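User: Please walk me through this one. Keep it short and plain.

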Amino acid sequence: MKPEAQGKDVKLKILNAAKKLFAKKGFEGTTVRQICDEAGVALALVSYHFGGKENVFYALFETFAPAFLVTEYELNDPVHDLQSFIREFTLFRLAEPELINILQQEVMMESPRLEKLQSIIHVLWRQLRLILEAGKAKGQFEFDSTRHTVHFIVGTLVFSRSSPFLDPVFRDENESAQPKAAETEASVAELTTKFILNGIKSPL
């Protein structure tokens, strides 16, 4: 393997290990040594490739953030744009639960690291706001406050996840703990879309 390829492989191992540990223990509760042990690499390689734990954190979002985060919608059809927005984010949340968990922790703790994530995260919510405003102007969406509606949708998308602690409450008495076969990623995205569109009284 060429040195460049080896370097990329090591960096990816470090990032995957950090993603797993940050999601489980939090940023502050994770040490560089733990990341290296999980990744199976030498301790010095975090500093060599990233310059420290905090840069590993930022690299996670730069590396695993999906392309749709920077999508610019034309706003000719706000209903379709919102459906696409919700679907893509829901699929991303299901594909990267650890990254979403890390983001949840950082938001809830009002972490100082959020400031550097603004360039990645805020552009996404600005697009959501533009879609909502365009839909309201066209009479397709009905809501009183854009600010509160953005909060409502962000909360649904970011903070909606399975929890072993709450799952017994959400399930019916005779329902299995295992997800139903019909509960595919696509079906979860569809249910999320319907829930949000019903909330803003949009025609489905």
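User: How many nonpolar, polar and charged residues are in the lining of the largest cavity?

Analyst: The lining has 10 nonpolar residues, no polar ones and no charged ones. Nonpolar covers Ala, Val, Leu, Ile, Met, Phe, Trp, Tyr, Cys and Pro; charged covers Asp, Glu, Lys and Arg; the others, Gly among them, are polar. This is a predicted model, where local features need pLDDT of at least 70, side-chain atom pairs count only at pLDDT 80 or more, and totals for chains, interfaces and linings use all residues. Numbering runs from 1 along each chain as its sequence is written, and side-chain values use heavy atoms, without hydrogens and water.

User: Which residues line the largest cavity?

Analyst: Phe-61, Ala-65, Pro-66, Leu-69, Phe-89, Phe-92, Leu-99, Ile-100, Leu-103 and Ile-121. Helix 6 has the largest share, three residues.

User: What volume does the largest cavity have?

Analyst: About 80 Å³. A search of the whole structure finds one cavity of 30 Å³ or more. On a 1 Å grid over the protein atoms alone, a 1.4 Å probe fits in a cavity but cannot get out; a pocket is open, with protein on both sides within 12 Å along at least five of seven lines; lining residues have an atom within 4 Å of a point. Points join across faces, edges and corners, and the volume is the space filled by probe spheres set on them.

User: Back up a bit. How many helices and strands does the chain have?

Analyst: It has 10 helices and zero strands. Helices (H or I, at least four residues) and strands (E, at least two) are DSSP runs, numbered from the N terminus.

User: Where is confidence lowest, and where is it highest?

Analyst: Helix 9 (residues 167-170) is lowest, with a mean of 65, and helix 2 (residues 32-39) is highest, at 97. The chain average is a pLDDT of 87, and 83% of the residues score at least 70. pLDDT is the predictor's confidence in each residue, from 0 to 100.

User: What does UniProt list for residues 31-50?

Analyst: An unreviewed UniProt entry lists them as "DNA-binding region". Such annotations may be inferred rather than shown by experiment; positions follow the numbering used here, and feature names are shortened. In the model, this stretch is 70% helix and 0% strand, with its end C-alpha atoms 14 Å apart.

User: New topic: Lys-19. Buried or exposed?

Analyst: Lys-19 counts as buried because its relative accessible area is 6%. Buried means under 20%, exposed over 50%, and partly exposed in between (1.4 Å probe, protein chains only). Lys-19 sits in helix 1 (residues 3-25).

User: Which residues is Lys-19 in contact with?

Analyst: Beyond its neighbours within four places in sequence, Lys-19 touches Leu-60, Phe-64, Glu-96, Glu-98, Leu-99 and Ile-102. Contact means heavy atoms within 4.5 Å.

User: And Gln-104, where is that found?

Analyst: Gln-104 is in helix 6. Its relative accessibility is 6%, so it counts as buried. Gln-104 and Phe-159 are 55 residues apart along the chain, yet their C-alpha atoms are separated by 6.9 Å.

User: Which residue has a positive phi of about 70°?

Analyst: Leu-75, although it is not a glycine. Leu-75 lies in the loop between helix 4 (53-64) and helix 5. It is partly exposed, with a relative accessible area of 23%. Glu-110 is not a glycine either, and has a positive phi of about 50°. Glu-110 is in the loop between helix 6 and helix 7. At 67% relative accessible area, Glu-110 is exposed.

User: Last one. What share of the residues in the chain is buried?

Analyst: Buried residues are 41% of the 204 in the chain.
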